[in-house]
Amino acid sequence: MADRGATRSSLGKSTVRDLDVTTGQSVLARVDFNVPLEGGQVVDDARIRAALPTIELLLEKRVRLVLCSHLGRPKGRDPETSLAPVSARLGELIEARVHQAPEVVGPEVRRGAERLEPGAVLVLENTRWERGETENDPALARELAALGDAYVNDAFGAAHRAHASTAGVAEYLKPAVAGLLLEREVVTLRSIVEAPERPLVVVLGGAKVTDKIALIDRFLDTADTLLIGGAMCFSFFRAQGIATGDSLVEDEGVELARRALEKAESSPCELKLPVDLVAGDRFDAGAERRDLDGVEVPEGWMGLDVGPRTAAAYAEEVAKAGTVFWNGPMGAFELEPFAAGTRSVAEAVAGARGTTVVGGGDSGSALAQFGLADEVDHLSTGGGAPPRAPRGTPAAGGRGPG
């Protein structure tokens with residue numbers, strides 16, 4: 001949970017603490033309620049809870065609070081991605097009345113916002129029901145801005161996107177300030193890069209090198225050790241001419257991996273790749289499983305987890321760290337036969353003596369799956385959260401270690 005006692009100077013920008021609002025004024029706040037749903041119910045409310053410090057601080061000021069968020073990636077109105085279940089869960093977590101709007105914007109939404117009593121909450125519908133959201137449409141941004149007297153952005157997981165509810169609305173609604181969660185996330189992650197306790201050990205997994213290349217480049221300059229896992233390791237192996245069988249290989253990532261390997265040769269950071277793997281004959285919990293004493297994957301097989309020697313070596317590096325940053329699982333942890341590598345890293349991170357920061361939706365899901373979510377110093381809300389797809393489907397996780 002965000003620390004209300006952090007100073008403004010720690011972020012360097014105005015925050016919700018600096019917001020001068022009075023009873024009855026309206027505040028529009030962008031939050032990240034992109035949470036997983038199952039059967040019309042919220043199955044993981046971590047992101048809702050993460051927003052509570054900002055929400056509660058604003059409600060203490062007796063403002064009329066209008067919240068907006070996306071959920072999933074619908075292409076227009078989609079009842080299965082309605083924020084109604086989120087509103088219901090929020091209402092259970094706070095001592096305030098929570099109303100659900102029928103749309104994102106429009107006459108009925110404006111009337112609902114105007115009728116909202118001080119100290120109450122109105123949750124707009126899924127912002128991605130409006131096509132103009134992802135296009136950062138000025139007309140949509142102006143309609144959203146008309147719902148508040150001030151704007152708060154507390155959606156760390158979406159703050160990097162130039163959407164109408166994040167970037168666009170701030171052009172039309174002033175003052176615009178950061179929320180407590182966004183502040184904490186930025187300050188924590190900045191400290192990893194600028195002033196970590198050494199050694200800084202970074203563990204990167206996931207499916208695609210293209211998703212992580214910015215982190216790889218940055219940490220090759222700043223980290224002491226960089227441990228690579230997940231399906232993206234096969235782009236590195238392919239770049240080295242190592243057979244990858246039927247493993248998931250991102251073609252675009254191979255050249256990026258080759259450049260990273262070249263950079264690592266002259267970098268003070270030691271880049272390590274898996275030395276053994278666990279393979280399956282298909283991406284399925286019932287797949288035939290084979291332990292590989294090496295990293296060459298035979299045809300007809302796919303690497304689905306790092307092997308025990310790799311897991312032990314990575315855990316040893318984590319145990320020696322002064323600061324650990326983990327982003328991305330080591331394998332298809334949603335399939336029990338291929339979860340051991342990710343479980344080993346998760347347990348090592350949870351038990352590390354140094355400062356531990358975990359980022360990314362799948363890493364957080366892994367910690368939750370293994371009952372370790374409360375054992376790290378900072379669990380970031382950044383990264384994807386599948387709203388409907390069950391774990392193990394391509395929409396939710398992807399193939400191979402990742």
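Two strands pair if DSSP finds at least two bridges between them. Strands (E, at least two residues) and helices (H or I, at least four) are DSSP runs, numbered from the N terminus.

This is a predicted model, in which local features need pLDDT of at least 70, side-chain atom pairs count only at pLDDT 80 or more, and totals for chains, interfaces and linings use all residues. Residues are numbered from 1 along each chain as its sequence is written, and side-chain values use heavy atoms, with hydrogens and water left out.

**Exercise 1.** Find which strands are joined to β1 by bridges.

*Solution.* Step 1: β1 and β4 run parallel and are joined by five bridges. Here arginine 30 stands opposite cysteine 68 of β4. Step 2: β7 (residues 150-153) also runs parallel to β1, with four bridges. In this pairing alanine 29 faces valine 152.

**Exercise 2.** Decide whether β1 is enclosed or open.

*Solution.* Step 1: buried means under 20% relative accessible area, exposed over 50%, and partly exposed in between (1.4 Å probe, protein chains only). Step 2: Ser26, Leu28 and Arg30 point one way, Val27 and Ala29 the other, and all are buried. Step 3: five of the five residues of β1 (residues 26-30) are buried, so the strand is largely enclosed by the rest of the structure.

**Exercise 3.** Locate the buried side of helix α3.

*Solution.* Step 1: in α3 (residues 107-115), the buried residues are Val109, Gly112 and Ala113. Step 2: they lie on the same side of α3 because they cover an arc of only 100° around the axis, taken from the directions from the helix axis to the C-beta atoms. Step 3: the face turned away from this side carries the exposed Glu114 and Arg115.
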